[in-house]
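Welcome! Take a look at the sequence and the structure, and then read on.

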Amino acid sequence: MMNSAELTLEIGSSTKQIQNINPLLSGAIPEQFIKLALPIIIALMINGLYSFVDAIFITRGVGINAMASVSAVFPINMIIISISAMLGSGMAAIISQRLDAGDKQGADHVFSCSLLFATVIGFSVSLLI
């Protein structure tokens with residue numbers, strides 16, 4: 001029997017047990033895709049609902065001109081979010097590679113540098129805006 005935590009390999013007459021198989025690598029692709037995509041879809045739906053409700057409150061509370069100014073700044077906000085997501089994904093990939101290679105100290109160093117980089121960029125962008 002094959003379990004996600006344990007896999008039995010039979011080579012000739014010898015049997016080996018491989019422990020701690022990653023469940024993402026052993027399941028069906030459509031099932032794994034749904035498991036990974038569903039939280040992102042839910043988060044995007046909540047974010048869209050938040051923006052919609054926010055627009056209603058701004059329009060009713062402050063007025064149409066305030067909503068126009070919020071809408072004008074939206075592309076700048078999306079650019080900042082896109083760049084931060086790109087950098088975060090890149091740093092996560094580098095950290096994952098280091099951890100997979102067994103270089104915990106290198107992964108810690110990359111994490112520290114990325115945290116410092118994000119802090120510096122965050123302060124710089126906030127001063128520009």
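Let us begin with one side chain: that of S114 reaches the backbone oxygen of F111 at 2.8 Å. Please keep in mind that this is a predicted model. S114 sits in helix α4, which covers residues 104–128. Is S114 buried or exposed? Its relative accessibility is 13%, and because buried means under 20% relative accessible area, S114 counts as buried.

**The overall picture**

Stepping back, you can find 4 helices and 2 strands in the protein. Starting at the N terminus, the elements follow the order β-β-α-α-α-α. How many of the 129 residues count as buried? The share is 9%, and S114 counts as buried. The accessible surface of the protein amounts to about 10800 Å², and carbon and sulfur atoms account for 71% of that surface. Contacts can also be sorted by how far apart the partners lie in the sequence: of those between residues at least 6 apart, 7% link residues at least 24 apart.

**Two salt bridges**

The structure has 2 salt bridges, and the table sets them out.

| Salt bridge | Closest N to O | Helix |
|---|---|---|
| K35 and E31 | 3.4 Å | α2 (residues 29–61) |

Where do K35 and E31 sit relative to each other? Both belong to helix α2, and because they are 4 residues apart there, about one helical turn separates them. E31 has a relative accessible area of 43%, so this residue is partly exposed.

D108, at 40% relative accessibility, counts as partly exposed. The cut-off explains the two labels, because exposed means over 50% and partly exposed lies between that value and the limit for buried.

**The largest pocket**

Now turn to the largest pocket, whose volume is about 380 Å³. Its lining is made up of 13 residues, and those closest to the centre of the pocket are N47, Y50, S51, F74 and N77. Which elements give two or more residues to this lining? They are α2 and α3, the latter spanning 64–100. The most comes from α3, which supplies 8 residues to the lining of the largest pocket.

**R98 and its contacts**

Helix α3 also holds R98. With a relative accessible area of 33%, R98 is partly exposed. What does R98 touch once its neighbours within four places in sequence are left aside? The residues in contact with R98 are then D103, G106, A107 and V110. Take V110 as an example: R98 and V110 are 12 residues apart in sequence, and their C-alpha atoms are 8.8 Å apart in space.

How values were computed. Residues numbered from 1 in each chain as written. Predicted model: local features only at pLDDT ≥ 70, side-chain atom pairs only at ≥ 80, totals over all residues. Heavy atoms only, no water. Buried < 20%, exposed > 50% of the residue type's maximum accessible area, 1.4 Å probe, protein only. Contact = heavy atoms within 4.5 Å. Areas by Shrake-Rupley, 256 points an atom, 1.4 Å probe, with all protein chains shown as cover. Polar contact = N/O pair within 3.5 Å; in protein donor to acceptor, adjacent residues only side chain to side chain. Salt bridge = Lys/Arg side-chain N within 4 Å of Asp/Glu carboxyl O. 1 Å grid on protein atoms, 1.4 Å probe; cavity = no way out; pocket = protein on both sides within 12 Å on 5 of 7 lines; lining within 4 Å. Points joined across faces, edges and corners; volume = space filled by probe spheres on them.
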